[in-house]
Amino acid sequence: MMTAAPDPPVAAAETVSPDHAQIIRLLDDAPMRLPHYLAWALASGGTLITGLAVFMLGISMPLLVRDLALSPVQTGLVAAALFAGGVPGGALGGWLADRIGRKPVFLLDMGLLALAAMVSALTWNAWLLIAAQCVVGIGAGMDFPASGSYVAECMPHRKRSRMLVATIACQALGLLLAALLAMALLHLAPSIEAWRWFLGMQALVAVLFLLARINMAESPRWLMGQGRNREAVHMLARFVPVDRQQLEAMASRLGDAVHFVARVPHTKKSLGYAELFHPAYLRSTLLCTLPWFLMDIATYGVGLFTALLLTDLHFQGPHLPLVQQVAALARGTGLIDLFWLLGFVLGLWAVARFGRIRMQVTGFAGMVAGMLVLWVSTLLAGGAGQHIALVFAGFVVFNLFMNMGPNSTTFILPTELYPTQLRATGSGFAAAISKIGATAGVLTLPLIESAWGVPAVLALMALVSLLGLSSTWAFGIYGHGLTLEQHQTQTLPRRRPKAALLASPTEGRT
């Protein structure tokens, strides 16, 4: 088992201005109001569109292969392009969000998404489709670190974990929305070109979010971290009903003083990727990246190819015409994806109650169990096609535990373990590494399935999930009920029994 030296204490916290501390308290202790819910809904648009895009591309694959005469190589590249784009997207979006702000990135990524999705829907060329889907992935990848950082910084402390789980849960809402849209479109226009409508829906949703985000508030924490204190109190007033004159007086006293609470010394230059590997943050970076990388191999590999796996397992109508097969697969995949949402609903309670690390370990264990159930179904007499109930049980267990565990917690952890000036950069780096895993999954799973069959894919996903469990256990960091700033000023225990010392009744456990 790997061990590491305790995190160094942070002297910078002693120099925090009383006015900055008061603004932070106002943010953290605020009652949950309509402006919070509206800000959360707008910030969650990227995760919703990610779910929408994954489902629509997955259900489009059989139609695309026929309509555009995709070669096996092109088929794999179309599937992988969406996730490959998330690699530069996550890294760029996080870096930009820490330098120019959360809101500008929100607007930029939705513009990219809308444009690229429209090109995807209108193209007749396979290679242009691949390029456009890559840009869709860049836009979605940019949104992840901005949305996670924004929600963590703006929500009241006692609601933070639940609102962060709700943000990533919008992936499941996107999947279900896509399933309903796909079934409706196939009913209205049962054509092999229905995939154009599927991809075009992404552009429409992105435009709606782009317009809605124009008037959203910037993160007060980020503004204070840049020394833009007058703007910070103006944005605070949109969340917290307080005396405007009191806020103006605090802003005047603060001037352009920077609010900085971190485990590394304050310098004039911006924090960057090098700080992620500083001894103060190395363990956090390993915890944030390695399990997320492993989870995305399984999550998106299985998620994107659920329809294809169901076809190979003879789930629905192999003798039906292609469009009817796709409609049947949309219904079957949508039914399975209901358990994505149920898993997140359980995660809203479980992550706050039992803690990030404990739920991440439990979730990975459930993913292993789900894949093993599916694997066993392929070995029984008559194959998986004769054991549909077992097939669905495997998918249900996998999706439930994934979403109440690592699919929620891997999104949350980077937003809590880094300081404001590094939060989006760290989140973006973790998201970028995870999308390398997603890309590897969607590229290699079809090759493994072609060479060794579905049982080999399922066994590999069980192994990957087990590695995710092991890496979480090895690099786990515990801190119960801490604010974002307390995460930077306290030594966080490595094992759960010691973490009980930090227990707080105000917000569940971290």
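Modeller: A polar contact here is a pair of N or O atoms within 3.5 Å. Keep in mind that this is a predicted model.

Biologist: Which backbone oxygen does the side chain of Thr 415 reach?

Modeller: Thr 415 is found in helix 18, residues 406-417. Its relative accessibility is 1%, so Thr 415 counts as buried. Further along the sequence, Thr 415 is in contact with residues including Gly 148, Ala 152 and Leu 484. At 2.6 Å, the side chain of Thr 415 reaches the backbone oxygen of Ile 412.

Biologist: Is Glu 275 buried or exposed?

Modeller: Glu 275 lies in the loop between helix 12 (244-254) and helix 13 (282-304). Beyond four places in sequence, Glu 275 touches Val 264, Tyr 281 and Leu 422. Buried means under 20% relative accessible area. The value for Glu 275 is 17%, so the residue counts as buried.

Biologist: What is the distance between the C-alpha atoms of Leu 48 and Ala 140?

Modeller: Leu 48 lies in helix 3, residues 45-67. Its relative accessible area is 15%, so Leu 48 is buried. Leu 48 and Ala 140 are 92 residues apart along the chain. Their C-alpha atoms are separated by 9.5 Å.

Biologist: How many disulfides are there?

Modeller: A disulfide needs two cysteine sulfur atoms within 2.5 Å. Cys 154 is buried at 0% relative accessible area, and Cys 170 is buried at 5%. Cys 170 is also one of the contacts of Leu 48. By the sulfur distance rule, the disulfide count is zero.

Biologist: Where is Ala 69, and what is its phi?

Modeller: Ala 69 is placed in the loop between helix 3 and helix 4 (72-84). Its relative accessible area is 59%, so Ala 69 is exposed. Ala 69 is not a glycine, yet its phi is positive, at about 50 degrees.

Biologist: How many aromatic pairs are there, and what geometry do Phe 106 and Tyr 150 have?

Modeller: The count comes to six aromatic pairs. The ring centres of Phe 106 and Tyr 150 are 5.5 Å apart, with planes at 80 degrees. Phe 106 is in helix 6 and Tyr 150 in helix 7, 44 residues apart. Planes over 60 degrees apart count as edge-to-face, so this pair is edge-to-face.

Biologist: What geometry do Tyr 273 and Phe 429 have?

Modeller: Tyr 273 sits in the loop between helix 12 and helix 13, while Phe 429 is in helix 19, 156 residues apart. Tyr 273, Phe 277 and Phe 429 form one aromatic cluster. The ring centres of Tyr 273 and Phe 429 are 6.1 Å apart and their planes are at 55 degrees, so the pair is tilted.

Biologist: Which residue lies over the face of Trp 124?

Modeller: Two charges over rings come up here. Lys 435 lies over the face of Phe 144, at 4.9 Å from the ring centre. For Trp 124, at 3.9 Å from the ring centre, the residue is Arg 196.

Terms used: Residues numbered from 1 in each chain as written. Predicted model: local features only at pLDDT ≥ 70, side-chain atom pairs only at ≥ 80, totals over all residues. Heavy atoms only, no water. Helix = DSSP H or I, 4+ residues; strand = E, 2+ residues; numbered from the N terminus. Buried < 20%, exposed > 50% of the residue type's maximum accessible area, 1.4 Å probe, protein only. Contact = heavy atoms within 4.5 Å. Polar contact = N/O pair within 3.5 Å; in protein donor to acceptor, adjacent residues only side chain to side chain. Phe/Tyr/Trp six-rings, centres within 6.5 Å; stacked < 30°, edge-to-face > 60°. Lys NZ or Arg CZ within 6 Å of the ring centre and 35° of its normal.
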